[in-house]
Amino acid sequence: MVHGQFYQAFEQDNAFLRVNIGGLKKKVSQSILLEYPHSRLGKLLCCKTLEARIELCDDYDFENNEFYFDRSPVMFRYILNFYFTGKLHAIEGVCARSFALETEYWGISDAAIHSCCSYNFHMSQANAEDRDGDSDDLSMVGQEEVSPIHNQEEFTNLLYGSYRRQLWLLLENPAYSLASKVITAFSLTAILVSIIIMGVNSLPEFRNEDDAGLRSVETTCIIFFTLEFLARMMVTPSQKRFFLNPLNIIDLISFTPFYMTLVVESIEENNTSLKNIGKVVQVLRLLRIFRILKLARHSHGLKALGTTFRHSYQEIGDLVVFMAVGIAIFGALIYSTEKEEQEAGLSSIPMGWWWATVSMTTVGFGDTYPVTIVGKLVGGLCIIFGLLMVTLPVTIIFNRFSKCYRREQAIDATLWSQELKKTSTVNIRDVYAKRLHSFMRIKASALKETSSPNN
């Protein structure tokens, strides 16, 4: 009986479709809706069963043959205007993301937005995503960065979990206690001392001599780095996450070349027939420069810089492409104008590429330079082009660095507040209850004294 009533009512008014959008009742021509079969109302007309139509709407009125949609009637006026005119206009003063969700519900693509509104709509949508990115950087701190490291539950099921957590916080969080601050200070001192020793060893008076004092100090620093790394590795709640952490990889690289150098030197002493072993030792000693990257563990700026590079690979790739195109073009141009001039030193295209690289980055070594008037004009254009190409992506990278730096500061503040709450938490309810109980005891004793027969 229900299906019979539905088809009978539907055939009586076959030219129009009755809809109720949040109280706004409209009759829309079916011929207009069928021009957009991929939209929600177009799909509704293409359905052949009542069940399929009800799945596309929120309710159906059998008496009036009316489909009900629990959506915004204000926004539907713009959707209805799209069906009539084929042009979708964005609403001024309305959230761009909300309008996009509404058009997505009705099955209308953002590409249908008319050119008069398209730019403002997409700019508003991009600004909304940027603001959400700023808030997400701060709101996700406790979930993504803080809890995997400082969550008590991760250490609960581990052997000696409470002790491992205390040692983990001692090594990872400088704000945890006075001992953790001392360890952090000693770690920074060891990093700086090892870098200074590496620089001193490069001086001519120390280059060919093996100073026992400097070597013992460097060995002490390396032993400290090794013990620190092993301690972190032993108490970490997740070995996989530990070795995937870039900071831990840097720590491993900082002391591994020292031990590899000892092994290579021992092989050289035992077997003198091996060639080029000295070059291997020099390369391994050069790798000691990576110790300076250990400062990233204690510097918000270096952490933010690494995060910025990791999330700005597309912008950095664009910068490389822009520079490569400019270098190729201006290198060939400067060669064609200066190839006959011996003073310029631009006798080949590769030399032109070198000149273009130095000019576009505004370094200007002065080893090669144009001499003719045409070459100087090409040089001026190359410098201007380089400034523009470097400036455009750098602005985006700088904004991302600012977000990452604020996020690192928020993480540090969250860690500090968490540890402060654990060490100095005061429950006002408990204090009030204790004082109230003491007051009741004093009052009860006073009542006993007044009701005693002696008084």
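This is a predicted model: local features need pLDDT of at least 70, side-chain atom pairs count only at pLDDT 80 or more; totals for chains, interfaces and linings use all residues.
**The chain as a whole**

Let's start with the big picture. The chain has 455 residues, and 32% of them count as buried. Its secondary structure comes to 21 helices and four strands. If you take the contacts in the chain with a separation of 6 or more, 61% are between residues 24 or more positions apart.

**The largest nonpolar core**

The largest nonpolar core is made of 34 residues, and Leu17, Val19, Leu41, Phe69, Phe76 and Trp106 have the most contacts inside it. Several elements each supply at least two residues of this core, including strands S1 (16-21), S2 (24-29) and S4 (66-69), along with helices H6 (96-105) and H7 (115-139). Helix H5 gives the most, with six residues.

Which residues does Trp106 touch, leaving aside its neighbours within four places in sequence? Among them are Leu41, Phe69 and Phe76, three residues that also belong to the group with the most contacts inside the core. Trp106 is in contact with Ser39, Arg40, Arg71 and Tyr83 too.

**Transmembrane regions in the record**

An unreviewed UniProt entry lists residues 182-200, 242-264, 319-337, 344-365 and 377-398 under "transmembrane region". Here is how two of those spans look in the model.

**Two helix pairs**

Helix H11 (residues 178-201) pairs up with helix H13 (residues 212-235): their axes come within 9 Å and cross at roughly 140 degrees. H11 and H13 are therefore oblique to each other. The crossing of H11 past H13 is left-handed. On the H11 side, the contact includes Ile183, Phe186, Ala190 and Ile197, while H13 brings residues including Leu214, Val217, Phe224 and Glu228.

Further along, helix H18 (residues 313-338) packs with helix H19 (residues 349-360) at an angle of about 125 degrees, and their axes are 7 Å apart. So H18 is oblique to H19. What is the handedness of the crossing as H18 passes H19? The crossing is right-handed. Residues of H18 in this meeting include Met323, Gly326, Phe330 and Tyr335, and those of H19 include Gly352, Trp353, Trp355 and Met360.

Methods
Residues are numbered from 1 along each chain as its sequence is written. Side-chain values use heavy atoms; hydrogens and water are left out. UniProt positions are given in the numbering used here, feature names are shortened, and annotations may be inferred rather than shown by experiment. A nonpolar core is a set of buried Ala, Val, Leu, Ile, Met, Phe, Trp, Tyr and Cys residues joined through side-chain atoms within 4.5 Å. Buried means under 20% relative accessible area, exposed over 50%, partly exposed in between (1.4 Å probe, protein chains only). Contact means heavy atoms within 4.5 Å. Axes are lines fitted to C-alpha atoms, for helices over the stretch in contact, and angles run from 0 to 180 degrees between N-to-C directions. Angles under 35 degrees count as roughly parallel, over 145 as roughly antiparallel, 65 to 115 as roughly perpendicular and the rest as oblique. A crossing is left-handed if the near helix is turned anticlockwise from the far one by less than a right angle, and right-handed if clockwise.
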